[in-house]
Amino acid sequence: MKNSGLSDHSDYVETPLGIFTAQGSWFYTNSEQIEKFAPGLLQKISVKELINDAGMWVRSGDAVAVWVLVAGLQLLPGYAAAVASVVTLLLWHLTKSAFISKISTFALKILTWEPLVVLAAVASISYAGISQNYSGVGYGLLFFILFRFGWIRRGFDSFYERYSGNISLNDRVMKMLIVQYAMQYSIPVTQLASMEEHIKSLMRKRNKPGKR
């Protein structure tokens, strides 16, 4: 697939510098590069399905943080529940790619199902209000909104991408998903080191002055 310009889909936009999803996630790869690193994979799984799974993993830290907040509001002071949820978000966001597998992807789809996450948060915050835990209500509402829109995660992503010197956390997820699906379909994955260098090259191009 020749990527000479923009390729627009309902869930994502594919460009020579990468893929941008409708949920606001950026991956420094595209169909051409995926086919290069795992030849034949896109005949087994569509780009859309791969991107949807990657996006779910990228955003999973927000849902995990909400679940910790939900539990914390019942067990801890409001500020402590908020701190615990933020720490959990950052730790999960940094390490989640190590847990990617077929089973964990299925389980995470349930854990991150938005209606369930919202219902749990509303129930927990409402119970804090009924219990006259007004501090819990305040912290719960504030941090639920921050997690719901991914603002803490996005801020951390910008910091990590600028100062870590590594490929982005989003692309770490994408790389592990490509490897996992390739293994599932017995497809050899080639040039992993080259893949990382290519991603870093695209990151440098996109982050040049005037590219933002």
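Tutor: A salt bridge is a side-chain nitrogen of Lys or Arg within 4 Å of a carboxyl oxygen of Asp or Glu. This model is predicted, and the structure holds three salt bridges.

Student: Why is the contact of Asp53 and Lys109 called a salt bridge?

Tutor: The N to O distance between the side chains of Asp53 and Lys109 is 3.3 Å. The cut-off is 4 Å, so the pair qualifies. Asp53 belongs to helix α2 and Lys109 to helix α4 (residues 102–111), 56 residues apart, so the pair links distant parts of the chain.

Student: What makes Asp53 buried?

Tutor: Its relative accessible area is 3%. Buried means under 20%, so Asp53 falls in that class.

Student: How do you know whether Lys109 is buried or partly exposed?

Tutor: Lys109 has a relative accessible area of 42%.

Student: What makes Arg153 and Asp62 a salt bridge?

Tutor: The side chains of Arg153 and Asp62 meet at 2.8 Å, N to O, and the limit is 4 Å. Arg153 sits in helix α7 and Asp62 in helix α2, 91 residues apart. Arg153 has 5% relative accessibility and Asp62 has a relative accessible area of 8%. The cut-off for buried is under 20%, so Arg153 and Asp62 are buried.

Student: How do you know that Glu114 and Arg148 tie together separate parts of the sequence?

Tutor: Glu114 lies in helix α5 and Arg148 in helix α6, and they are 34 residues apart in sequence. The closest N and O atoms of this salt bridge are 2.5 Å apart. Glu114, at 41%, is partly exposed, and Arg148, at 38%, is partly exposed.

Student: Why does the span of helix α6 agree with what it should be?

Tutor: Helix α6 (residues 134–148) has 15 residues, and at 1.5 Å a residue it should span 21 Å. Its end C-alpha atoms are 21 Å apart, so the values agree.

Student: Which residues of α6 are buried?

Tutor: They are Gly136, Val137, Gly140, Phe143, Phe144 and Phe147. These residues cover an arc of only 155 degrees around the axis, which puts them on the same side of α6. They pack against α2, α3 (78–95), α5 (114–130) and α7 (151–163). Just after α6, Gly150 takes a positive phi of about 70 degrees.

Student: How does the reach of α2 compare with what is expected?

Tutor: α2 has 29 residues and reaches 42 Å from its first C-alpha to its last, close to the 42 Å expected at 1.5 Å a residue. At Arg59, α2 bends by about 40 degrees.

Student: What does the largest nonpolar core consist of?

Tutor: It has 34 residues, of which Leu41, Leu50, Trp57, Met174, Leu177 and Ile178 touch the most other members. At least two residues each come from β4 (26–27), α1 (31–37), α2 (47–75), α8 (169–184) and α9 (192–206). With eight residues, α2 gives the most to this core.

Student: Which residues does Leu50 touch?

Tutor: Not counting residues up to four places away in sequence, Leu50 touches Ile34, Ile45, Met174, Leu177, Ile178 and Tyr181. There is also a second, separate core of 19 residues, including Val70, Ala81, Leu89 and Phe144.

Technical notes. Residues are numbered from 1 along each chain as its sequence is written. This is a predicted model: local features need pLDDT of at least 70, side-chain atom pairs count only at pLDDT 80 or more; totals for chains, interfaces and linings use all residues. Side-chain values use heavy atoms; hydrogens and water are left out. A nonpolar core is a set of buried Ala, Val, Leu, Ile, Met, Phe, Trp, Tyr and Cys residues joined through side-chain atoms within 4.5 Å. Buried means under 20% relative accessible area, exposed over 50%, partly exposed in between (1.4 Å probe, protein chains only). Helices (H or I, at least four residues) and strands (E, at least two) are DSSP runs, numbered from the N terminus. Contact means heavy atoms within 4.5 Å. The expected span of a helix is 1.5 Å times one less than its number of residues. The bend at a residue is the angle between axes fitted to the seven residues ending there and the seven starting there. The arc is that of the directions from the helix axis to the C-beta atoms.
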